[in-house]
Structures are given as structure tokens and as C-alpha cells.
Amino acid sequence: MVNITLFSQIIQKLNRSSFNKLVKNRQTDKHNKGLNSWTHLVSMLFCQFSKSQSVRDISNGLRSATGNLNHLGVEKAPSKSTLSYQNQRRDWELFRDYYYKLLETLGQQAYKRRVKFRIKSKIFLLDSTTISLCLSLFDWARYKTTKGAIKMHTLLDYDGHLPAYVHITDGKTADNKGAYDIPLLRQSVIVADRFYNDFSLLNVWDSNQVYFVIRHKENMLFKSIKENELPDNRHGHILKDEIIELTGTESKKKFPGQLRRVVVWNDENKQEIEIITNQMSWTANTISELYKARWQVEIFFREIKQLLHIKSFIGTSENAVMIQIWTALITILILKALKAMAKYPWYLSNLVAFIRLILFVKIELQKWLDNPFEEPKPPPQSFMQGVLF
């Protein structure tokens, strides 16, 4: 029989020593007002796993686990006022740094073996999502006259379907402008939609030996230099494969080199999709399949918005919002690692729902992940002594 709760076992998967190093470097426990950084992290992770709607829910929820908090590394449940205070004051960058630290260790367990693409380049999927906010409450997040919003610019690792980099800006920042800050890995490939068709940005990537696969805009001016031979009948959806040069005055200044243009037929939407890339040696079918894989970043955005507590916020300050977003990203990292550890074929939505129901149940985590619907053992047979007389 396990003596600690499921939530405690999940928290024990986290590397606390690396967290303590980050705390020491950033001095986030200085003047902590009774709530240290670890307790703060555990409280916000509980907010995500239980989908608590307020600081009161977090405080009362952790209080309901009396006697089990020591297994979480927590002395006592925080009060709602203390938690609210630290959400406003504690540096949110601590939680961002810890996400990236966990990505190096726990995130490796979530990686899937690549089968679809036989290329050596690391594949990243780039996109952004807008999180709407009430302007009267979040007056720092101005987007439109009567609407507030922030934008998550996300570089998703194709292998693990986890963010390799996240840049959070105000809602007004254009997708291509938010992409200038992303870290670049040589010989990697970035797949993105037409909103990133910024020739200055593409030239930066090309200069750093980064490949890109981008859907180009309809008004792009170009001339054809060479038309490549189309693939055989196995890839009949490939309509054109050619080498081009830009002819627009401004665009040619921004990107003076040659590009490859691949036109594919999307049978599902009954339309042509025009793609440009600086990769000249891969097959046209590989280019089209890479662009098709871009949909995985849309699935990721849907997962974090539907399954986690990221569309409404328990604090109204910018710092509190940032802490909640980064702890949500830590939670999705943990969930995908648990999913990869399990022998049972979990859907992520089912895994989140079941964990939420049994968060404080004392059950062995790995055994439950592998066999969540184990039939209860029948009670032992009782033998009654017969009547002698």
C-alpha cells in the first residue's frame, strides 16, 4: 500500500536541487513573507492539475490534504492573501527558467521516436496564439480600444511536441516581429505559416544556416529560374517545384538569394498551397509533409487552452499572469512525460481528467499509469464450520 498521494508522487518527479539553484541565483526567497519559492511552485501546479478558479480554491484545496503536505516539500498550505501577494511580487522568470531546466531532463522522456521524416535536421514548428483578457482588469495588456490580450510566440519541438522557446508579448505584436528573438540552431528547419513571410526575417535565418518552410503570400513577386522535375505518380499532389528569384524592389533587397517554390494540392480543403524554402536538396514531398506537420502546433495550443487553467487568471497583475502561464507549461511538460512513461495508451485529455479526480488518492503512480482500470480482486472466501450436532 502506498502511503503518499498521487500528487505527491508527481511532484517528486521534479528536480528540486536544480530549482533551489535557480532560487539562489535569483534570490527569490529573500523576504519571502512565509511562502518560499518551492511552496509557491507546488501551489501553482496544484492550481493547474485541479483547475482551481481562485487563490481561495488553491488554499482550501491544499488544506484538505492535511498530513500529506510534507511529502510535497511543503510545511503548510499557503493562505490566499500570501499566495496573492507572492504572485504579484515573486520574479516570474524563476518559473520560466525552471521550465527550460526541466525540458533538458524530464522533457526528454516525452520525446517520440521520429518515423515520418528521414532528415537529420532538427524540426521546429513556429506559431503564436492570442489569449484574450478583460481590459478593465488587465489594463496593462492593451490590444484594441475595448479589448486586452497577450500573445504567446511558440517554437514547438516536433520530436516532443513541447515548446523549445516561448516569447510572450502584448497582443499588438505581429507574429513576424515576435519571431526575431527566437534562438537559432544551425542546420535546423523552422516550419511556419504565411504570417512569418517576412523577407528580412527569412534572410536572418538563411544567414545563420537555418532552413525554413513557409507558406508564401499570394502577392509575392518573383520570376522562375529553373523548374525541377516533378516526382513520380506516388506524389501526385505535387503540382510544381521550381527555383525562383524575388523581383519586388523591396523584397529583393531584403532577400537577394534564390528560393525554392513548391506548390501542392490540399485535397481536404480543395485548394493549392504555395510554399517557399531555402532547402534545395530535399524532395518536394518532404517539403510538403513538413508544412503539413505544422498543424501539431495548433493542436498544442488547443491542448493548453482546453486542458489547463490558462484562459482565465487568478491574479490580475502582469507578474501573476506570467507565473500562471509558465506553470501551465511546466504542467503540460509533466503530463506528456507521464503519458510517455505509461504502458496504457492514454489520450492527454483523459489523463488530465483522471488525475484531477484522484489527485489526493494514495495509489502507486506507475502502476496506475500502466493499468488504470484494474479489476478489483475478489474478497477471500470465508469458510464456515459445519454444525457438529
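Select Thr286 to begin; it sits in helix H10 (residues 284-292). Helices here are DSSP runs of H or I with at least four residues, strands are E runs of at least two, and both are numbered from the N terminus. This is a predicted model, in which local features need pLDDT of at least 70, side-chain atom pairs count only at pLDDT 80 or more, and totals for chains, interfaces and linings use all residues. Residues are numbered from 1 along each chain as its sequence is written, and side-chain values use heavy atoms, with hydrogens and water left out.

Is Thr286 buried or exposed? Thr286 is buried, at 19% relative accessible area. Buried means under 20% relative accessible area, exposed means over 50%, and partly exposed lies in between (1.4 Å probe, protein chains only). Now show the contacts of Thr286, where contact means heavy atoms within 4.5 Å. Neighbours within four places in sequence aside, Thr286 touches Phe117 and Ile119.

**Zoom out**

Show the whole chain. The protein has 14 helices and 10 strands. Its C-alpha trace spans about 100 × 65 × 40 Å along the principal axes. Of the 389 residues, 51% count as buried. Take the contacts with a separation of 6 or more: residues 24 or more positions apart account for 63% of them.

**Thr28**

Go to the loop between helix H2 (16-26) and H3, and select Thr28. Thr28 counts as buried, with 9% relative accessibility. Leaving aside neighbours within four places in sequence, Thr28 is in contact with Val23, Ser37, Arg90, Asp91 and Leu94. Next, draw a distance from Thr28 to Lys120, which is 92 residues away along the chain. Their C-alpha atoms are separated by 41 Å.

**H3 against H12**

Colour helix H3 (residues 37-50) and helix H12 (residues 318-341). They pack at an angle of about 70 degrees, with axes 9 Å apart. Axes are lines fitted to C-alpha atoms, for helices over the stretch in contact, and angles run from 0 to 180 degrees between N-to-C directions. H3 and H12 are therefore roughly perpendicular to each other. The classes are roughly parallel under 35 degrees, roughly antiparallel over 145, roughly perpendicular from 65 to 115, and oblique for the rest.

Show side chains on both helices. From H3, select His40, Leu41, Met44, Leu45, Gln48 and Phe49. They meet Ile323, Gln324, Thr327, Ala328, Ile330, Thr331, Ile334 and Leu335 in H12. By class, this contact has 9 nonpolar, 5 polar and no charged residues. Nonpolar covers Ala, Val, Leu, Ile, Met, Phe, Trp, Tyr, Cys and Pro; charged covers Asp, Glu, Lys and Arg; the others, including Gly, are polar.

**The cores**

A nonpolar core is a set of buried Ala, Val, Leu, Ile, Met, Phe, Trp, Tyr and Cys residues joined through side-chain atoms within 4.5 Å. The largest has 97 residues, and Leu14 and Ile355 have the most contacts inside it. H12 gives the most to this core, with 14 residues. Select Leu14: with residues up to four places away not counted, Leu14 touches Trp38, Leu41, Leu45, Tyr98, Leu102, Leu106 and Ile334. Another core, of 22 residues, lies apart; among them are Tyr196, Phe199, Trp205 and Leu259.

**Last stop: aromatic rings**

The whole structure holds 20 aromatic pairs. Rings of Phe, Tyr and Trp (its six-membered ring) pair if their centres lie within 6.5 Å; planes under 30 degrees apart are stacked, over 60 edge-to-face, and the rest tilted. Select Tyr344 and Trp346, an edge-to-face pair at 5.0 Å centre to centre and 70 degrees between the planes. Tyr344 is partly exposed at 30% relative accessible area, whereas Trp346 is buried at 5%.
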